[in-house]
Amino acid sequence: MAYKIASPSRRALLGGAGSLFAWNFMPRVAHAAGGRDPRFVVIILRGALDGLTAVPPVGDPSYRELRQSIALATNGTTKGPQAALPLDSFFALDPSMPNFARLYHANQAAVVHACATAYRDRSHFDGQDVLESGYPGPGHVESGWLNRLLLTLPQGERVAPGAAANPIGLAVGANAPLVIRGKAPVLGWAPATLKQADGELPQRLMDLYAHTDPLFSRLLTEGIETGKIASGMDVKARGGPGDPVGMEQMATGAARLLAQPNGPRIAALAFEGWDTHAQEIGRLTRLLMGLDNAFAAFERELGPAWKDTVVVAITEFGRTARVNGTGGTDHGTGTTMFLTGGAVRGGRIVADWPGLRQNQLRDGRDLAATTDMRAVLKGVAVDLLGASPSALGRDVFPGSENVAPMRGLIA
Amino acid sequence: MRALAYHPATAHHIALKLARYFVADVPPPALVSAMADTFARTRGDLSAVYQTLLGSEDAWNPKLVKIRSPLEYMVALLRASGEHPKPNVIVGQLNAMGQPFWNPSGPNGFADTVDAWASSEGLGTRIDVANLIANATPGRADPRRFADETLGALQSPDTRHAISRAETQTQAVSLAFLSPEFQRR
């Protein structure tokens, strides 16, 4: 097929037109205070992660009533199957994320809650375009903000034409996520065993065929019942980006490359499957475990470089405050960002909490967004990488001149 | 041989095979008769038979009745996606779907009715193939526009709805490839 799965040796994949020979300067990552050699990893969570399940506001009086059967709780004495992990007096953490909890209490992890991009509609494609392109609206698909960030970083040493140049950027997975696509050269890598299967596809086909094609509907049902067609939670570890094993493999490989002295320093990964319209608790239990294991893999494999690292996990929007009729939630607005890494000033939840009373919900249905994700990403770029705020507002996140970088995120 | 060629049963057989391939697994008897008559009257002039076929209302029935065979499906996938996999990959996928390339299991050639291709294994393989091609489909074209361009007026509202709610662009393209409109002709 047209895509290539590279073995774990470095093979440069050019992100745009032009050859390496045209580059006389390689972008270098600014060494921030303390002689740091920083690493910055962006994990895109495709499908709209439910921030209210990942980091439940157990202290909010409206939470239990909105979430009913899928509400989480931290039981003081008995830990039930859905006992959430306490973070502070108001928020807890989904029980599938013990590594993140440990890092949080070691001040190496933080949460930003009730946040969103500038996008306010409910389409996954458009939301992901805004999340990854860095533009205020959808339709800009030529390049992503992380690639443009590479271009704005201070220029480094001159590289002789023809010399082997090591790209700073790393795209992990069969396809480079939009966030890191663009003119700056980027290394491409994927685990050799990365599967392409989409565990959610059969269920969506079921819905489609049920209305339109009795024959295919029958064949699909039969296939799923007899196990010939793997679907949803029955999918054994297939090692894809929507599966805990695949997530951990991607993170491990990325971390090993980032750890190398002449290796890349800025990476992008994409995990999928977060669109939990039904059976949310069961599905997020698996997916958040995968994300948690990915965080742990970065910590473990980066070794000494972990102290200079920030990993952020971001998603296109959140989900409805109220549970629906199938134990899930629908597309919403405000959600959570995860930050973890030795360079994070952690042990905090950054949130201007808007509340969950009916008149506090956006459109009467969604957790409102009170923090702009771009402010957080800019804050990391300025304090970890030495990026210029004006370049961030003009080139990296066009149209965001009035979104101030959030300072104080970096230790 | 001439006796065989002019036998009414031959005319009927040829007409039935053509009608079944192009129109429906159980073609309208009137159409088959008309085509058989033309065959007999013109003593085997196939172009005339095709004229009869094209001149009938049934040939233009917009309802998608036939299921694309694996070869037809593969060709449609490759045309729609613009992908150029290596030949051995294509042959491998066709084998998996049950239609080895130009290599039927007997002198009757490949079967031509739904029963042959409509199995749950066959569908399972099509899902895998469609997903594989969707993952390789280049560019970031909006999948909704991709579906509009590929399926055109055939796209049903249900398909359009499923595509617009897909979780990722790849999943949306897979759904387009696996929609009834894409799998049938």
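**Cavities and rings**

Mentor: A cavity here is a set of points on a 1 Å grid over the protein atoms alone where a 1.4 Å probe fits but cannot get out, and its lining residues have an atom within 4 Å of a point. Grid points are joined across faces, edges and corners, and the volume is the space filled by probe spheres set on them. This is a predicted model, where local features need pLDDT of at least 70 and side-chain atom pairs pLDDT 80 or more, while totals for chains, interfaces and linings use all residues. Residues are numbered from 1 along each chain as its sequence is written, chains are lettered from A and ligands numbered from 1 in the order written, and side-chain values use heavy atoms, without hydrogens and water.

Trainee: How many cavities of 30 Å³ or more are there?

Mentor: The structure holds 3 of them.

Trainee: And which helix gives the largest share of the lining of the largest cavity?

Mentor: That is α10(A), with 3 residues. Helices are DSSP runs of H or I with at least four residues, strands are E runs of at least two, and both are numbered from the N terminus. Among the lining residues are Met373(A), Arg374(A) and Leu377(A).

Trainee: What about the lining by class?

Mentor: There are 7 nonpolar, 2 polar and 1 charged residues. Nonpolar covers Ala, Val, Leu, Ile, Met, Phe, Trp, Tyr, Cys and Pro, charged covers Asp, Glu, Lys and Arg, and the others, Gly among them, are polar.

Trainee: Switching to chain B, how many helices and strands does it have?

Mentor: Chain B has 12 helices and 0 strands.

Trainee: Now the rings: why is the pair of Phe146(B) and Phe177(B) edge-to-face?

Mentor: Their centres are 5.9 Å apart and their planes at 80°, so the pair is edge-to-face. Rings of Phe, Tyr and Trp (its six-membered ring) pair if their centres lie within 6.5 Å; planes under 30 degrees apart are stacked, over 60 edge-to-face and the rest tilted.

Trainee: Where do those two sit?

Mentor: Phe146(B) is in α9 and Phe177(B) in α11 of chain B, so the pair ties together parts 31 residues apart in sequence.

Trainee: Is Phe177(B) buried or exposed?

Mentor: Buried, at 0% relative accessibility. Buried means under 20% relative accessible area, exposed over 50%, and partly exposed in between (1.4 Å probe, protein chains only). Phe146(B) is buried too, at 10%.

Key:
On a 1 Å grid over the protein atoms alone, a cavity is a set of points where a 1.4 Å probe fits but cannot get out, and a pocket is an open set with protein on both sides within 12 Å along at least five of seven lines; lining residues have an atom within 4 Å of a point.
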